[in-house]
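Have the structure open while reading.

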Amino acid sequence: MCFSAALALPLLSNLEKNSANCISNCSGKDEDSNKGQSVKLTLPAYKWRLVIAYDGTRFSGWQYQQSTPTVQCILEEALTKNTKINRKELCVVGASRTDAGVHAWGQVAHFITPFNYGTLDGVHRAINGLLPSDIRVREFSPAGPEFHARFSVTSKIYCYQVYNSTIMDPFLRHYAYHSEYKLNADVMRDAAKHFVGKHDFSAFANTSRNDRVPNPVKTILRFDVVEKGPLLRLEVEGSGFLYRQVRNMVALLLQVGRQAVPPDIVVRILESRDRKELAKYTLLLPPHGLSLETVKYNEEHLMPPTDSPASSFGRHHSISKCKVLFV
């Protein structure tokens with residue numbers, strides 16, 4: 001570990017004003033929230049941002065749980081070994097609480113240390129060395145005191161993959177849903193347009209175990225249906241998502257693609273605000289086709305602190321050139 005005795009970030013005192021800035025994710029399965037107990041910070045403190053990719057196949061989601069393996073649990077174990085700081089003091093917070101079996105290419109999390117790192121390349125490599133091969137930290141960056149992995153989010157992009165062929169590609173079996181029905185991508189695009197905008201998505205949300213009641217009004221910025229041969233990528237960007245909302249929206253679009261229901265069924269179900277109305281037409285899709293692709297942030301909150309180390313994106317190994325003597 002390489003760290004310096006630099007001065008603490010003065011604005012981190014703002015974290016004491018809002019205990020939500022130090023959330024320890026301890027329970028619940030909500031796809032798009034981070035509820036937990038707050039932990040009092042001991043200043044000085046430094047904040048770090050991670051961009052994480054993981055294959056969610058064997059994990060019970062992102063959220064920390066004591067009884068079953070989760071991505072956050074494994075990540076915290078690696079950070080604890082590296083920093084010698086316990087999980088409550090690390091205050092790891094994720095941008096999205098992905099469900100069991102859901103993957104991520106661009107999950108974002110932050111954590112806090114009482115010391116500053118001098119460089120990040122070495123610790124980045126060390127943390128990845130402590131993680132299993134199905135979890136990787138893609139980026140390790142210093143974060144300013146105003147950055148919060150959850151509350152600084154402006155939008156998130158999820159992608160659900162559907163393999164539309166009579167025979168499933170075995171290499172995609174863990175990352176795409178297999179539809180043997182021939183899907184009409186054009187009518188699916190027509191239906192997806194009805195999701196775009198600000199709506200009450202109560203009809204597309206499953207009941208969460210989380211005891212708080214989320215705001216059902218969300219804004220969908222775009223919903224694209226991209227064809228890549230037999231693979232369909234349904235990419236949706238929104239300000240936020242309710243529990244299992246994306247999988248329910250895609251499930252209805254597949255029914256439209258099979259031409260079992262018309263595209264304007266989306267409007268009718270949205271206006272009903274009733275989950276039972278959606279259940280008349282489709283069932284929830286399995287999680288393995290879903291991936292959290294990107295989390296977007298307020299640009300001002302991504303500005304690194306002054307005199308902080310450079311971000312680490314990993315580095316290639318190099319081979320020293322040897323002089324070969326020819327006789």
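Q: What makes strands E4 and E6 a pair, and in which sense do they run?
A: Two strands pair if DSSP finds at least two bridges between them. E4 and E6 (residues 103-113) have 8 bridges and pair in the antiparallel sense. One of the bridges joins valine 51 to valine 108 in E6. Strands here are DSSP runs (E, at least two residues), helices are runs of H or I with at least four residues, and both are numbered from the N terminus.

Q: What kind of model is this, and how are its residues numbered?
A: This is a predicted model, in which local features need pLDDT of at least 70 and side-chain atom pairs count only at pLDDT 80 or more, while totals for chains, interfaces and linings use all residues. Residues are numbered from 1 along each chain as its sequence is written, and side-chain values use heavy atoms, leaving out hydrogens and water.

Q: Which sense does the pairing of E4 with strand E8 have?
A: E4 and E8 (residues 135-143) pair in the antiparallel sense, again over 8 bridges. Here valine 51 stands opposite glutamate 139.

Q: Why is strand E4 called largely enclosed?
A: Buried means under 20% relative accessible area, exposed over 50%, and partly exposed in between (1.4 Å probe, protein chains only). In E4 (residues 46-54), 9 of the 9 residues are buried, so the strand is largely enclosed by the rest of the structure. Both faces are covered: Tyr46, Trp48, Leu50, Ile52 and Tyr54 lie on one side, and Lys47, Arg49, Val51 and Ala53 on the other.

Q: What makes a set of residues a nonpolar core, and how many residues has the largest one?
A: A nonpolar core is a set of buried Ala, Val, Leu, Ile, Met, Phe, Trp, Tyr and Cys residues joined through side-chain atoms within 4.5 Å. The largest has 77 residues, and Ile52 and Phe204 are among those with the most contacts inside it. Helix H6 (residues 245-257) gives the largest share of this core, 8 residues.

Q: How do you know that the buried residues of helix H5 are on the same side?
A: In H5 (residues 185-192), Ala185, Val187, Met188, Ala191 and Ala192 are buried. They cover an arc of only 160° around the axis (taken from the directions from the helix axis to the C-beta atoms), so they are on the same side of H5.

Q: What do the buried residues of H5 pack against?
A: They pack against strand E12 (217-228), strand E13 (231-238), H6 and helix H7 (265-272). Contact means heavy atoms within 4.5 Å.
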